[in-house]
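Subject: A structure to look at

Hello,

Here is the structure for you to open. Please have it on screen while you read my notes below.

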Amino acid sequence: MPECLFCKIAAKQIPSSILYEDDKVVAFQDVSPQAPLHALIVPRKHIPGTLELAEADNALLGHMVQVANRLAREKGVAERGFRLVMNTNAEAGQSVFHMHMHVLGGRPMGWPPG
Ligand code: AMP
């Protein structure tokens with residue numbers, strides 16, 4: 001999608017602090033971190049949000065969780081605990097309509113989320 005922020009980041013047309021990339025996903029630091037580790041995992045394929053996931057995307061979603069686990073281990077938060085978040089639509093706070101997974105860790109987190 002030509003005007004999509006995360007498509008542009010994945011294509012390196014907009015700079016970001018990339019933590020991991022492969023042929024399916026790019027992971028980079030959130031520009032406004034809410035925890036010591038705050039990464040975003042973004043599929044290279046443009047999918048607006050979780051509601052647009054097709055059955056054929058199930059492996060992609062599983063891969064995103066594997067990448068999240070890898071980042072959590074690399075950043076030393078896997079055993080302490082970390083949180084994966086995917087916001088869908090307005091009341092959940094989705095602001096970028098290219099599906100992404102937040103990986104948050106490195107501090108205690110409350111529940112329920114705000
Ligand atoms: P969400 O509100 O769930 O859609 O999450 C979007 C996230 O993208 C927010 O946490 C923003 O801080 C983050 N964000 C927005 N623009 C950028 C950018 N240029 N680079 C990195 N993260 C960004």
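Which residue in β5 does A39 stand opposite? A39 stands opposite V103.

Some ground rules come first. This is a predicted model, where local features need pLDDT of at least 70, side-chain atom pairs count only at pLDDT 80 or more, and totals for chains, interfaces and linings use all residues. Residues are numbered from 1 along each chain as its sequence is written, and side-chain values use heavy atoms, with hydrogens and water left out.

**Strand β3**

Helices (H or I, at least four residues) and strands (E, at least two) are DSSP runs, numbered from the N terminus. Start with β3, residues 37–43. Seven of its seven residues are buried. Buried means under 20% relative accessible area, exposed means over 50%, and partly exposed lies in between (1.4 Å probe, protein chains only). L37, A39, I41 and P43 point one way from β3. H38, L40 and V42 point the other way. In a regular strand, side chains alternate between the two faces of the sheet.

Two strands pair if DSSP finds at least two bridges between them. β3 pairs with β2 (residues 25–29) in the antiparallel sense, over five bridges. There, V25 stands opposite P43. β3 also runs antiparallel to β5 (residues 101–105), again with five bridges.

**Helix α2**

Next, look at α2, residues 58–74. This helix has 17 residues and reaches 25 Å from its first C-alpha to its last. That is close to the 24 Å expected, where the expected span is 1.5 Å times one less than the number of residues. Its buried residues include L60, M64, V67 and L71. What covers the buried residues of α2 includes β1 (18–21), β2, β3, β4 and β5. After α2 comes G76, with a positive phi near 75°.

**Two pockets**

Rolling a probe the size of a water molecule over the atoms shows where empty space is left. A pocket is found on a 1 Å grid over the protein atoms alone: it is an open set of points where a 1.4 Å probe fits, with protein on both sides within 12 Å along at least five of seven lines, and its lining residues have an atom within 4 Å of a point. Grid points are joined across faces, edges and corners, and a volume is the space filled by probe spheres set on the points.

The largest pocket holds about 340 Å³ of space. It has 21 lining residues, and F6, D30, V31, S32 and L40 lie nearest its centre. α1 gives the most to this lining, with three residues.

The second largest pocket holds about 230 Å³. Of its 13 lining residues, R83, V85, N87, L104 and P113 are the closest to its centre. β4 (82–85) and β5 each give two or more residues to that lining.

P113 lies in the segment after β5. P113 is partly exposed, at 47% relative accessible area. The C-alpha atoms of P113 and N87 are separated by 12 Å, and the two residues are 26 apart along the chain. P112 is also in the segment after β5. The peptide bond from W111 to P112 is cis, with omega near 5°.

K12 is not a glycine, but has a positive phi of about 60°. K12 lies in the loop between α1 and β1. K12 counts as exposed because its relative accessibility is 51%.

Best wishes

Note on methods
Contact = heavy atoms within 4.5 Å.
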